[in-house]
Amino acid sequence: MATGSDKNEHANMPQDVQGGGQSTGVQAQGEVEGNAYSPLGNPGVKHWQAGYIGRSGIEDRGNIFFAAVEMTRMPMVVTDPNQEDNPIVFANGAFFDLTGYEDKDVIGHNCRLLQGPDTDRATVAEVRNALREQRAVAVDILNYKADGEPFWNALFIGPIFDQDGTLLYFFASQMDITERRSLQDSNLQAQKMEAIGQLSAGMAHDFNNLLQVINGNLELALLTSKGSPAAAEPIRRAQRATMQAGKLTQQLLSFARKQRLEQKNVSLNALVVEFSDMLVRTLGEKVELRLDLKPGLPACTLDPTYLEMALLNVVINARDAMPQGGVVTVGTAVVSSARRSANKLPPGDYVAVCVQDEGEGMPPDVIRRATEPFFTTKGLGTGLGLAMVHGFVQQSHGRLEIDSEVGRGTRVRMIFPVSKQARHEDAGVETATPPEGRKCRIMVVEDNDDVRELAEAMLSAADYDVVSAPSGEHALALLETQPVDLLFTDVIMPGGMNGLQLIEQVHAKRPDMPVLVTTGYMDELPARGSRGQALDVLAKPYHHQVLLDRVHAALRTKRAA
């Protein structure tokens, strides 16, 4: 705890004598009085930490200094520690403007009337200790106005003594710093997201490569275990765990807004209706799903897969909040201009999908932390559900609202901007077939030996002719001598040409070459290639059958020059 100097130390500190000795002040001299916001921008040197006055009493109000105190926009109060409970004996007009109280509610009462349910008790104790020791103190404290509205108060309190060192009053100045604290919390959240994003991005590529090797070899082991159910079931359990590990990485990236979104025109009503079967299965028998969809809702531009994931996460939370059962309502609506303004959204039209439950609800301190990564009130779980939802909604240029009250349920609202125009995918596709008498040849380009060998084994088992290369440079050399029907390449290949550069050089010579891209970190990729065509991306870790399906689809599609 940092407080001002003790009155016994004042004699050795610089004194500021005013009014021919009527008052004397103890200058701060850079000493920090506490943890509060400093409007000076620094600890300060010349402001007083304590004052000595030659005449007590606050009845003399005919001078310029009283007029200045009443004229200032900074709330100020004086308390009398020589009366029982240290009551307020003076408050200026700015204090009443800030707090909404009237004179009769304040004068004669202790300052604790500003405290409320979420006022930090440790901060209150810090203030009380300073008053007991007759020291100056400065803190940021959550106070409450007369109507119950909370506000952050940058509070400074200093003692006033008579010429003999007897404590007469405490003086307190205040400042509403709610907006600054809100910005500070937002910046802190952004820093958390950036840190998680950097950590996730750094591990995603290598981690997903490892998962791909594990899962791919498990699939190959499963193929060879037919006829042995005892061996097959442990392999399937390991596969499920592997794919769940891959989803965990994507949740981290999603929270940090580092995942690559495939933006499409989406009707929220159609998506909710089509996804409702999955939601019903997720909710189980005890919970009823009800839909309340606004007819004629405009479309919005977002990634439908991530929206389904977000909706599923919110519905799971609603289910878990109602262990005895209840009703979950999923609704859609057009967002009003008032709500748009309240969420500080840019001008425009917005739509929302809302999930409301009848569950236990959340207290304010839980609501504030609900979207933090790894924060959870459940005995089990990662604490990444709402964090992922928050990241996805933010990356989709929307807002996430959470309204909840203990015992009265929770409403989670995802707000998205309305689409301005439809997106059109590239046309002009035709079937690519190999010459008569040979198999389709696929070139696998991957710097990780285990991943490359696994892909070779998967494709060879499906009767494809496979040629592989550990780098982009090696791949270009092979393409000079061998016919290839499909390029299957990783993106990140350290030490030389990356996958996107390889694709650009291949298409410079063979613009009709089909390409399938794979990566463990989707944010490595732009939404489209250098020539404007959509990239065909397969995320790691992938299943054996998914790879074969995507290869088959890519071979059927020949790029238009």
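In the hairpin of β7 and β8, G165 takes a positive phi near 90°, and four residues lie between the two strands. This is a predicted model, in which local features need pLDDT of at least 70 and side-chain atom pairs count only at pLDDT 80 or more, while totals for chains, interfaces and linings use all residues. Residues are numbered from 1 along each chain as its sequence is written, and side-chain values use heavy atoms, with hydrogens and water left out.

**Around strand β8**

Strand β7 covers residues 150-162 and pairs with β8 in the antiparallel sense over six bridges. Two strands pair if DSSP finds at least two bridges between them. Opposite F171 in β8 stands G158. Strand β8 also pairs with β4 (residues 76-79), again in the antiparallel sense, over four bridges. There, M76 has S173 of β8 as its bridge partner.

Strand β8 spans residues 167-173 and is mostly covered, with six of its seven residues buried. Buried means under 20% relative accessible area, exposed over 50%, and partly exposed in between, using a 1.4 Å probe and protein chains only.

**The chain as a whole**

The chain has 15 helices and 20 strands. Both are DSSP runs, numbered from the N terminus: helices are H or I with at least four residues, strands are E with at least two. Of its 561 residues, 46% count as buried. Take the contacts between residues at least 6 apart in sequence: 65% of them join residues at least 24 apart. Contact means heavy atoms within 4.5 Å.

**Confidence**

The mean pLDDT of the chain is 80, and 75% of its residues reach 70 or more. pLDDT is the predictor's confidence in each residue, from 0 to 100. Over residues 379-383 the pLDDT is below 50, and this stretch has nine contacts in the model beyond near neighbours in sequence. Residues 422-431 are also below 50; beyond near neighbours in sequence, that stretch has 19 contacts. Where pLDDT is low, the predicted coordinates should not be read in detail.

**Nonpolar cores**

A nonpolar core is a set of buried Ala, Val, Leu, Ile, Met, Phe, Trp, Tyr and Cys residues joined through side-chain atoms within 4.5 Å. The largest one has 39 residues, of which L311, V330, M414 and F416 touch the most other members. Helix α8 (residues 304-320) gives this core its largest share, seven residues. Leaving aside neighbours within four places in sequence, L311 is in contact with L271, V272, F275, L279, V330, V353, V355 and M414. Another core lies apart from this one; it has 20 residues, among them V77, V127, I141 and L167. In soluble globular proteins, nonpolar side chains tend to be buried together.

**Helix α14**

Helix α14 runs over residues 499-509, and its residues G499, L502, I503, V506 and H507 are buried. Why do they lie on the same side of α14? They cover an arc of only 125° around the axis, so they share one side of the helix. The arc is that of the directions from the helix axis to the C-beta atoms. An α-helix has 3.6 residues a turn, so residues three or four places apart point the same way. On the other side of α14, A508 and K509 are exposed. The buried residues of α14 pack against β16, α13 (472-479), β18 (486-490) and β19 (515-519).

**Salt bridges**

The structure holds 15 salt bridges. Each is a side-chain nitrogen of Lys or Arg within 4 Å of a carboxyl oxygen of Asp or Glu. The table gives three of them.

| Pair | N to O distance |
|---|---|
| K104 and D105 | 3.3 Å |
| R339 and E401 | 2.7 Å |
| D465 and R441 | 2.9 Å |

K104 is exposed at 60% relative accessibility, whereas D105 is partly exposed at 29%.

R339 and E401 meet in a salt bridge. This pair links distant parts of the chain, 62 residues apart: R339 is in helix α9 (residues 337-342), E401 in strand β14 (residues 399-404). R339 is partly exposed at 31%, while E401 is buried at 10%. R339 and E401 also belong to a network of salt bridges with D403 and R413.

D465 and R441 meet in a salt bridge too. Here the partners are 24 residues apart, with D465 in strand β17 (residues 465-469) and R441 in strand β16 (residues 441-445). D465 is partly exposed at 27%, and R441 is buried at 17%.
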